[in-house]
Amino acid sequence: MLRLLSGLLICLIIMFFCVYNFYFSVNFPFQDDFLIIQFIEAASNAGFEFSAVVQEMFRTFNDHKAVTVRLLALVEYAITGHQNFRFYILLVSINITYIFYFLYLQFRKSGLPLYYFLPAPFLFFTPIYHEVSGWALNGMQHSFLTVFTVTAILLASRRTTGAFWLAMVFCFLATFTHGNGVISFPAIVFFFLCFKDFKRAILACVSLVACLAIYLIGYEAGQAGQLPTSLLSMLSSLFGFIGSSMSLWPNPQLWSALWGLFIVGFMLILTIRVASIYFNKPAHIKPGTVELLTLFGFIFITSTVIALFRSWAGTTIASRFQLYAALSTVICYILLLNYTSLFRKKQVLIAITALSIIYWGYAHYALTGMVSAKKTTYLADVFNWQNNRNLFSVEKTIVRNADFYLTPGYEKGFFKLPEPVADKTGIDSLFAASPNPPVSDSIYLEDWHVTRMVQNGVENLNHTFVTSDKLPLKKPFLSDRFLVLKDLKTGEVHLLNANPKIEGRRNFLLSGNYYKNGFQTFLRKDDLAFGSYQMAVLDVSFRGEKSFHPLNRGLNVDAEGFSLE
């Protein structure tokens, strides 16, 4: 009975994860997703001639050759005639579920009851890596890369010649999915060295050299790589990368580095234990250990490379890398179960399960506001692109640089957008029909000064928030709140994300309200053309019902910045 209930609970968590990601996704490209559109546009301009398609497919961008992702996009285009970014995000959720299944397979070898595995889904299926689970291209690259790597490990564990060469194929696919995929080869070499299988380890090295030779054909170096400025920054980035599951708490860099240091130390002890066969001693390792250590080895080498070349720009604790942190935490938990009797005690299991549930709940509380804001931003940009050929989800330089393929792709139909949440005619009529509200002093501007490390030094950025902490009143959790800006000179209407701040933990638990009153909208200094803008707030429920709230303050944009009028 306990096994059945445990299995049902694990399945429910996985289903919630998939539904959560799908609900908060939009069929709209963000930043690097534009490259999928660029690929199809370049291929279509060449008439989909084979050599041109292959050349574009193997083109390097930011150190990566995303061949498998481009191939998938090409197949989808051949079937449907357009790209569906929401479908890509669904694929990412499926990939992540498969990766978790790999972890379950290794746990199952321990012979422990299934309820010992209950903390794992709560630690793994969280929005902490929302830039993987909710970002099409980035998500496909990292999830397919990991899928190919764990599949190669499963094949290598069969210890047959056919399975070995098939594992090399999957390492090849990983390499041509994401630049870090080449690290899957050293991971497989490590796997065979754990069994003193030198022949296959050498063959894997030869395969690595051959794959690199192909990868370097037409390779173009990216701009982000630079050696670290200090050993301390590199080490804190290295351990922080692995332990960044702890980044939810105050002082995230410290706790992430400490947790990462613990994980690395424990894995090192187990690796030394496995290596005892080289000193004519029995290894005494449990089934599944080498597979998990191999996957962790892949993560560790990946984190070392990223820390070596990216730590100069600051911390490497970033959502786009935290899938590996979640994996490291679950791997550590499974191996602690295998090698320490303490973690197999029922009282300890209950405590860890309770803590993992709290962690899972807190991760959703802390990050859902950010995830929801991205959804609202993309929904707003569906309207903005269709009406103004304008975007606010990315910097204006990105929009200008990408226009040569975004506009043709939209006109040709393969950059296909969903229906917007509102139409311009309807918004104009809402402005015309709404009475002028009394002047409110609840709206204010907040300046946000940010420094960003670039290779030539430090870039200072000045951003602005248009904020109200009072009006409109709280929005329903599943609705989207937009700030509507109407240019009084041209009549152009823009939509921007205006989801309000979230309630503090205490108020959230006592009242059940996730959002505060009011709204908050982020603006870069060059987001809007100079002029005066009439403002309103538009709420759209998940059923499409609209609520319009005109504001009696206007927004003025000039060379000095933003001001209220």
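Helices H1 and H16 are roughly parallel to each other, because their crossing angle falls in that class (roughly parallel is under 35 degrees, roughly antiparallel over 145, roughly perpendicular 65 to 115, and the rest oblique). The axes of H1 (residues 2-23) and H16 (residues 346-388) cross at roughly 20 degrees and come within 11 Å. Helices here are DSSP runs of H or I with at least four residues, numbered from the N terminus, and axes are lines fitted to C-alpha atoms over the stretch in contact, with angles from 0 to 180 degrees between N-to-C directions. H1 brings Ile13, Phe16, Tyr20 and Tyr23 to the contact, and H16 brings Trp360, His364, Thr368, Val371 and Lys375 (contact means heavy atoms within 4.5 Å). These residues divide into 6 nonpolar, 2 polar and 1 charged.

The model is a predicted one, in which local features need pLDDT of at least 70 and side-chain atom pairs pLDDT 80 or more, while totals for chains, interfaces and linings use all residues. Residues are numbered from 1 along each chain as its sequence is written, and side-chain values use heavy atoms, with hydrogens and water left out.

A second pairing joins H5 and H15. H5 (residues 85-108) has 24 residues and reaches 35 Å from its first C-alpha to its last, close to the 34 Å expected at 1.5 Å a residue. At the start of H5, a side-chain oxygen of asparagine 84 comes to within 3.0 Å of the backbone nitrogen of arginine 86. The axes of H5 and H15 (residues 322-339) cross at roughly 10 degrees and come within 10 Å; H5 and H15 are therefore roughly parallel to each other. Ile99, Leu103 and Phe107 of H5 meet Leu327, Val330, Ile331, Ile334 and Leu337 of H15. By class, this contact has 8 nonpolar, no polar and no charged residues.

The pairing of H2 with H17 has another geometry. H2 (residues 34-45) and H17 (residues 396-412) pack at an angle of about 55 degrees, with axes 9 Å apart, and are therefore oblique to each other. Among the residues making the contact are Phe34, Ile37 and Glu41 of H2 and Ile398, Tyr405 and Lys412 of H17. The contact divides into 8 nonpolar, 4 polar and 2 charged residues.

Finally, glutamate 131 lies in helix H7 (residues 130-133). Not counting residues up to four places away in sequence, glutamate 131 touches Asn138, Gly139, Ser319, Arg320 and Lys374. The glutamate 131 side chain reaches the backbone nitrogen of arginine 320 at 3.4 Å.

Notes: Helices (H or I, at least four residues) and strands (E, at least two) are DSSP runs, numbered from the N terminus. Ala, Val, Leu, Ile, Met, Phe, Trp, Tyr, Cys and Pro count as nonpolar, Asp, Glu, Lys and Arg as charged, and the others, Gly among them, as polar. The expected span of a helix is 1.5 Å times one less than its number of residues. A polar contact is a pair of N or O atoms within 3.5 Å; within protein, one must be able to donate a hydrogen and the other to accept it, and residues adjacent in sequence count only if both atoms are side-chain atoms.
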